[in-house]
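Look over the sequence and the fold, then read on.

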Amino acid sequence: MSEKLKVTVIGGGGKMGTRVSNNLAKNSEWAELYLCETSPHGIESIKSRGLDVTAMEKAVPIADVVVLAVPDTLIRIVSEDVVKLMTPGKTLMILDPAAAVAKELALRDDCTFAVVHPCHPSYFLDQDTAEARTDYFGGIAGKQDIVMAKIQGDDKKFDQARKVGEAMFSPVVNSYVMGIRDIAFLEPTLVEILGATTLYAMSETVKEAERRGIPRAAAESFLTGHIYNLTANFLGKLNAKVSDACMVAIDLGNKYVLRDDWKRIWDDKILDENIHIMLHPNENK
């Protein structure tokens with residue numbers, strides 16, 4: 001019988017730490033789990049799940065894989081302490097690429113570093129159960145994909161990290177491997193600066209429709225149905241084109257809703273500026 005993989009989660013009682021550690025705990029046949037936490041609320045959260053809290057000074061040196069489940073704004077400070085405690089040849093994983101792209105993640109030449117991030121369940125995935133169909137975040141019952149990147153280090157250790165990443169966000173259909181800047185262009189650029197912004201505007205527009213007397217349920221159904229249909233259309237999943245009137249409306253939307261130069265968000269300089277602002281929000285108030 002092969003020795004179990006020792007996985008330590010830093011911030012195991014936080015929002016993301018709870019999600020990933022719950023899934024890792026289901027893989028006790030190959031993973032030996034250690035959870036580190038300093039906040040009273042996080043410690044209570046871990047204990048309430050029947051799990052133990054281990055001091056970072058003990059849990060990090062013995063770990064094969066260390067997972068940093070802490071907010072992006074804390075990675076620079078936390079990673080300095082964690083990386084010093086790691087054993088040579090081991091692996092550290094972060095859950096978002098921003099700190100690595102901004103070079104705020106502490107590194108060591110004798111260790112492997114990786115990033116993993118969930119895609120969240122797509123409405124194009126055929127989920128198997130009612131629970132899975134309402135698992136909008138993923139990691140509970142809903143199938144989803146993940147993206148991963150090796151920041152630096154050994155390929156075999158990265159394969160080990162990939163196994164941990166797939167377990168953390170299971171059930172996983174595909175794990176796509178790419179560069180860290182590629183993941184950063186997916187988030188924040190694609191899904192937050194553009195996607196979340198426009199979707200938030202849509203939710204505000206539903207409120208306006210309701211204020212004008214349109215039934216909210218009708219507005220929600222109309223909006224989400226059209227999003228599903230138009231997404232399939234624009235991504236080439238339908239053998240059809242939108243109407244000429246819709247294309248005219250899109251041109252109007254570019255005038256009234258989006259800036260004419262909105263595709264600048266894909267410039268490398270803009271990506272680096274945006275990541276800096278997101279990692280240091282207090283500097284920009």
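How many aromatic pairs does a search of the whole structure find? The search finds 4 aromatic pairs. The model behind this briefing is predicted.

**Aromatic rings**
- Y123 and F124 form one of the pairs, and the geometry is edge-to-face. Their ring centres are 5.1 Å apart, with 65° between the planes.
- Y123 also pairs with Y228. Here the centres lie 5.1 Å apart and the planes meet at 65°, so this pair is edge-to-face as well. The cut-off explains the label: planes over 60 degrees apart count as edge-to-face.
- The Y123–Y228 pair links distant parts of the chain, 105 residues apart. Y123 sits in the loop between strand 5 (112-118) and helix 6 (130-133). Y228 belongs to helix 9 (residues 216-234).
- How accessible is Y123, as a relative area? The value is 42%, so Y123 is partly exposed. The class covers values between the buried limit of 20% and the exposed limit of 50%.
- Y228 is also at 42% relative accessibility and counts as partly exposed. F124 has a relative accessible area of 32%, so F124 is partly exposed too.

**Overall build**
- The protein has 11 helices and 7 strands.
- Its C-alpha atoms fill a box of roughly 65 × 45 × 40 Å along the principal axes.
- Of the 285 residues, 39% are buried.
- Take the contacts between residues at least 6 apart in sequence: 67% of them join residues at least 24 apart.

**Surface and charge**
- The protein exposes about 16,400 Å². Carbon and sulfur atoms supply 56% of that area.
- There are 33 positive and 40 negative charges. Their mean positions are 1 Å apart.

**Annotated domain**
- An unreviewed UniProt entry places the feature "domain: KARI N-terminal Rossmann" at residues 5-121.
- In the model, that span is 32% helix and 23% strand. Its end C-alpha atoms lie 27 Å apart.

**T91, in a strand**
- T91 is in strand 4 (residues 91-94).
- Is T91 buried or exposed? T91 counts as buried, because its relative accessibility is 0% and the class takes in values under 20%.
- Which residues does T91 contact, leaving aside neighbours within four places in sequence? The partners are D64, V65, V66, M86, T112, K157 and A161.

**S170, in a loop**
- S170 is found in the loop between helix 7 (155-168) and strand 7 (172-177).
- With a relative accessible area of 22%, S170 is partly exposed.
- S170 touches N23, G139 and I140, not counting residues up to four places away in sequence.
- S170 and Q144 are 26 residues apart in sequence. In space, their C-alpha atoms are 7.5 Å apart.

Terms used
Residues are numbered from 1 along each chain as its sequence is written. This is a predicted model: local features need pLDDT of at least 70, side-chain atom pairs count only at pLDDT 80 or more; totals for chains, interfaces and linings use all residues. Side-chain values use heavy atoms; hydrogens and water are left out. UniProt positions are given in the numbering used here, feature names are shortened, and annotations may be inferred rather than shown by experiment. Helices (H or I, at least four residues) and strands (E, at least two) are DSSP runs, numbered from the N terminus. Buried means under 20% relative accessible area, exposed over 50%, partly exposed in between (1.4 Å probe, protein chains only). Contact means heavy atoms within 4.5 Å. Accessible areas come from the Shrake-Rupley method with a 1.4 Å probe; for residues, only the protein chains shown count as cover. Lys and Arg count as positive and Asp and Glu as negative; His and the chain ends are not counted. The place of a charge is taken as NZ of Lys, CZ of Arg, CG of Asp or CD of Glu. Rings of Phe, Tyr and Trp (its six-membered ring) pair if their centres lie within 6.5 Å; planes under 30 degrees apart count as stacked, over 60 as edge-to-face and the rest as tilted.
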